[in-house]
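Hi everyone, thanks for making time this morning. I'd like to walk you through one model, so please have the viewer open.

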Amino acid sequence: MNLPDFTSAYWIFLLTVIFFIIITGRYFLIAGLFYLIFYTWFPSKFEARKINKKKYKKGQFKKEIKWSLITSLLFSVAGTITVILWQKGYTKVYTKPDLYGFWYLPISLIIFMLLHETYYYWIHRWMHIPRVYKIVHKVHHDSKIASPFTAFSFHPFEGLLQAIFLPLMLMILPMHYYIIILQLTIMTFSSVINHLDIEIYPKPLKKSFGKWIIGATHHSLHHKQFKYNYGLYFTFWDKIEKTEGELMAGDR
Ligand SMILES: [Zn+2]
Ligand SMILES: [Zn+2]
């Protein structure tokens with residue numbers, strides 16, 4: 001297949017626009033849908049599962065959406081850079097699903113998520129050093145009570161730190177492009193679920209396998225208390241590093 005030269009200014013612009021439409025569309029679709037279901041259509045059904053009883057600050061969603069759009073633009077540029085790196089042969093992205101065997105498809109997803117978890121946990125700890133926090137991470141914590149729209153609400157410096165991970169990983173870890181799309185979708189769902197401020201996982205799950213997965217209860221504590229629960233998808237680093245905290249009744 002003859003592909004155009006993606007390094008031309010025209011293609012760089014076009015690819016970035018296409019990625020921006022996809023990434024913002026996905027953000028509004030998933031965050032919006034969760035907001036409608038949990039806060040507009042059936043709020044009474046989930047009242048018992050709501051974590052913070054206080055109301056959202058006026059203008060919070062607007063601010064979160066503004067920062068999320070900037071983050072989405074950074075993710076779009078990272079997407080364009082990834083495509084260029086791929087065309088120039090610098091990535092390990094592949095297109096034939098059986099190239100490494102079908103068994104490798106889920107394995108690559110697991111490896112990516114474990115490495116992403118490790119990367120995020122440690123830069124998140126670093127971002128909580130007071131002088132770094134003020135510049136890089138405060139924007140995210142301005143949402144004292146998280147909402148579905150907090151999902152991508154980051155200062156551009158933090159957005160950048162998050163955006164570079166995928167292209168860097170793809171230069172060393174072979175991944176089929178379907179798995180990359182799946183991973184990005186999981187990432188968006190996970191961020192919206194963790195910032196929903198309503199615990200959606202059933203209790204029996206939370207007590208078994210679910211204790212290894214971050215949910216709204218786990219992450220809402222981080223937004224309030226700062227010194228616990230730094231994880232992204234999984235809780236293992238918080239358990240290993242003893243930074244896992246539980247929500248106390250009085251914290252509500
Ligand atoms: Zn958060
Ligand atoms: Zn934080």
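This is a predicted model: local features need pLDDT of at least 70, side-chain atom pairs count only at pLDDT 80 or more; totals for chains, interfaces and linings use all residues.

Now, on to the charged pairs. As a reminder, side chains of opposite charge can pair when their charged atoms come close. The structure has four salt bridges, and I'll show you some of them.

Please click on K50 and D197. Their closest N and O atoms are 2.4 Å apart, and the two form a salt bridge. K50 sits in the loop between α1 (9-41) and α2 (60-87), while D197 sits in the loop between α7 (177-194) and α8 (203-207), so the bridge ties together parts that are 147 residues apart in sequence. K50 is buried, since its relative accessible area is 14%. D197 is buried too, with a value of 1%.

Next come E241 and R125, whose side chains meet in a salt bridge with an N to O distance of 3.6 Å. This pair also links distant parts of the chain: E241 is in the segment after α10 (236-240), R125 is in helix α3 (residues 104-127), and they are 116 residues apart. With 31% relative accessible area, E241 is partly exposed, and R125 counts as partly exposed at 28%.

K239 and E244 make another salt bridge, at 2.9 Å from N to O. Here K239 has 28% relative accessibility and counts as partly exposed, and E244 is partly exposed with 29%.

One more residue for you to find: S190. It is part of helix α7, and at 14% relative accessibility it counts as buried. Which residues does S190 touch, if we set aside its neighbours within four places in sequence? The answer is L232 and Y233.

Let's zoom out to the whole chain. There are 10 helices and two strands, and from the N terminus on the elements run α-α-β-α-α-α-α-β-α-α-α-α. The radius of gyration is 19 Å, which agrees with the value near 18 Å that a compact globule of 252 residues would have. Along the principal axes, the C-alpha atoms fill a box of roughly 60 × 40 × 40 Å.

Of the 252 residues, 47% count as buried. Looking at contacts between residues at least 6 apart in sequence, 74% join residues at least 24 apart. Finally, the accessible surface comes to about 13700 Å², and 72% of it belongs to carbon and sulfur atoms.

That's my tour, and I'm happy to go back to any view you'd like.

Conventions
Residues are numbered from 1 along each chain as its sequence is written. Chains are lettered from A and ligands numbered from 1 in the order in which they are written. Side-chain values use heavy atoms; hydrogens and water are left out. Helices (H or I, at least four residues) and strands (E, at least two) are DSSP runs, numbered from the N terminus. Buried means under 20% relative accessible area, exposed over 50%, partly exposed in between (1.4 Å probe, protein chains only). Contact means heavy atoms within 4.5 Å. The radius of gyration is taken over C-alpha atoms; the globule rule is 2.2 Å times the number of residues to the power 0.38. Accessible areas come from the Shrake-Rupley method with a 1.4 Å probe; for residues, only the protein chains shown count as cover.
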